[in-house]
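Okay, thanks everyone, I'll keep this short. Let me put the structure up and then we'll go through some helix packing.

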Amino acid sequence: MYVYDEHDRQMMAERVAQFRDQTTRALAGELAEDEFLPLRLQNGLYVQRLAPMLRICVPYGMLRSVQLRRLARITRDYDKGYAHFTTRQNVQLNWPAVEDVPDILAELAEVEMHANQTSGNCIRNTTTDQFAAVQSDELVDPRPYCEIIRQWSTFHPEFAFLPRKFKVAVNASEKTDRAAIRVHDIGLQIVRNEAGEIGFRVHVGGGLGRTPMVAPVIREFLPELDLLTYLEAVLRVYNRYGRRDNKFKARIKILVKALTPEGFAEKVEAEWAHIKDSPSRLTPEAIERVQGYFTEPAYAALNSRADLLAQQRFENREFDQWVKHNVDTHKKTGYAIVSLTMKKTGTPPGDVTDRQLEQIADLADEFSFGEVRVTHQQNVVLADVRQDRLLELWQQIVPMGFGTANLNTLTDIICCPGGDFCALANAKSIPVAESIQRRFDNLDFLYDLGEIDLNISGCMNACGHHHVGTIGVLGVDKKGQEFYQVSLGGSSQHDASIGKILGPSFARDEMPEVISKIVDVYVTKRTEEESFLDTYRRVGIGPFKERVYA
Amino acid sequence: MPDIIFQDGSVRQNGWVVVPRSEAGDALDIPDNKSALIPAEVWLEGRQHFAGRDDIGVWFDSHDEPEILADYVHELPLIAVNFPKFSDGRGYSIGRLLRERFGYKNELRAIGDVLLDQLQFMKRCGFDTYELRPDKDIRKAAQSLNFFSQGYQAATDTDLPLFRRRAS
């Protein structure tokens, strides 16, 4: 994992001092509300429905145990003893006091953390696959490129006041896309060209929100050394020509659509031609330096313990189910990838207490080289667990609440904080998630349904990624009442698609029944091999409509 | 006229008047006795007349295209870029283009909604003088211009991004 050098440390310390000065001036009335707004947003501080909210950056989802323990302490000392994993691999505090934020940032800086650019109209945290470097089908580790982008985008003097927020995601797996790159402003797919060189297929102009779009390809192959100059060209075109007259039309996807992907690509290429050989062009040494921080942990040379595991699974059915659903294959023989689910019924998806943060830190130290990854599905991954210790790990996490064996099932719900916390929300989302989790409490039935992404957003801003849920739920406001619109058929994978709206919206208490009917249609219509998405794509939305609105 | 801040934080008297764009059909009101910044396209139209004068400069608005003066920037003593609202970031790109692409060497000034907390970004993008909004404390400018001792990226102020400095 990346470790700061004196340059990183110095800039982060200066940033904390700067925000302390800005906060002091804001509280003294020297900065008007609208002048302080973008400054505090770019330091992660929102003002929410009930209290301020601080979004802490977790660069591409990586956390060390020492950082988890510091987060736990911060939630105790400055908040109400819990935190929230977000849908962009970050962590949020729900109740900090504005005047405490500089102190919180100083505490974070001590463990090489920050809240830079986690909000506001700037380049946000670059996200990636939570299984980076431990899965067998990726070309190279995507995280060094994420770190290179983090450094380039941090305090970029030209791009601190873009028309709107800007999100970049990187994926290196050929088969899967856990980073949902095609619904990002820039999605980078790591590819190899015919000459065997590493580069990127560049997608620009995806996004959710009010106008969901799947990003088109604007360059099939970008050599890796050209990464930063090309990003700079894309951002410059966006900064100059993105709309600033209407907040709802200000994302880059609107510009790409207006110019057409070809027209946009031409503009970028023209800009890039001027800067591609500038000193911002990466060097092999610069990439190698960062790659040097992401070396393999000290894996033991193990034999496969498939026999032992099979025996343990045979003897314990619950363990068996957990292994089947929450454990993935590791590229290294004898190791496994474990997803700790933060989706226990009755707890808002992604919420963890201070004690749980410390437990996760302890688990990381004990089982996974002291590191964890936060996923955009609001779970936490232990990426390097010995196969022969899975049973021991499972026995520890079940009482902690991380062992619900529902990964990627209907109740592994992605859910934004919604109207319980967020000032933007039209409706609550957490109680909807809970009522659905209560309705579908039979794990065997969930397993039979297979992979279904149920994503819930409390408003059009789509923090819960409802557009790309197999089943999406969107909170809407109808004459002051909270209603929920359902969409079907979304995907954030390589075959990304935006869900289609089923029809008129529903009251909150109808939602479990609606989901139940939708699931019934799938069960009736599916062939043996089909997932929900397959069936939906084959039969279309019609049968679902008929059943739900019958 | 409000004073002008220089890159080193020093403050000097402003000798330049910004002449706004005129209404359609009206002639531009250029003062005789003062140095004037006129809209860039007006200067371009009257280039034969204005070129070489050290008391006539130009200003760009944030939506203007600095490309129109690409070949002529060296004929200008001063170029100003207007930030109509501090949160409008287009001026940063204009600054970098004028400096890095068109090779403009003389004074580049930020005007409009210029506040303390954006000064260092402006400095990094090639602006060397700043007309701070009059209600802001000009004594704090020097600190704001130098809050960060370095940056990660190359920009107008340095063509060495941190990854190249680390390597040396």
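So, helix H6, residues 227-241 of chain A, packs with helix H8, residues 261-275 of chain A, at an angle of about 130 degrees, and the axes are 8 Å apart. Keep in mind that this is a predicted model. Over 145 degrees would count as roughly antiparallel, so H6(A) and H8(A) come out as oblique to each other. The crossing of the two is right-handed. On the H6(A) side, the contact residues include Tyr230(A), Ala233(A), Val234(A) and Val237(A), and H8(A) brings in, among them, Val268(A), Trp272(A) and Ile275(A).

Now the other pair. Helix H3, residues 65-78 of chain A, and helix H4, residues 101-110 of chain A, have axes that come within 10 Å and cross at roughly 165 degrees. That makes H3(A) and H4(A) roughly antiparallel, and their crossing is right-handed. Arg70(A), Ile74(A) and Tyr78(A) from H3(A) meet Ile104(A), Glu107(A) and Leu108(A) from H4(A).

Last one, helix H12 of chain A, residues 354-367. How far apart are its end C-alpha atoms? They're 20 Å apart, which agrees with the 20 Å that its 14 residues should span at 1.5 Å a residue. The buried residues of H12(A) include Leu357(A), Ile360(A) and Leu363(A), but also Asp354(A), Gln356(A) and Gln359(A). And just past H12(A), Phe369(A) has a positive phi, about 55 degrees.

Note on methods:
Residues numbered from 1 in each chain as written. Chains lettered and ligands numbered in written order. Predicted model: local features only at pLDDT ≥ 70, side-chain atom pairs only at ≥ 80, totals over all residues. Helix = DSSP H or I, 4+ residues; strand = E, 2+ residues; numbered from the N terminus. Expected span 1.5 Å × (residues − 1). Buried ≥ 20, exposed ≤ 12 C-beta atoms within 10 Å, placed from the backbone. Axes fitted to C-alpha atoms, helices over the stretch in contact; angles between N-to-C directions. Parallel < 35°, antiparallel > 145°, perpendicular 65-115°, else oblique. Left-handed = near helix turned anticlockwise from the far one by under 90°. Contact = placed C-beta atoms within 7 Å.
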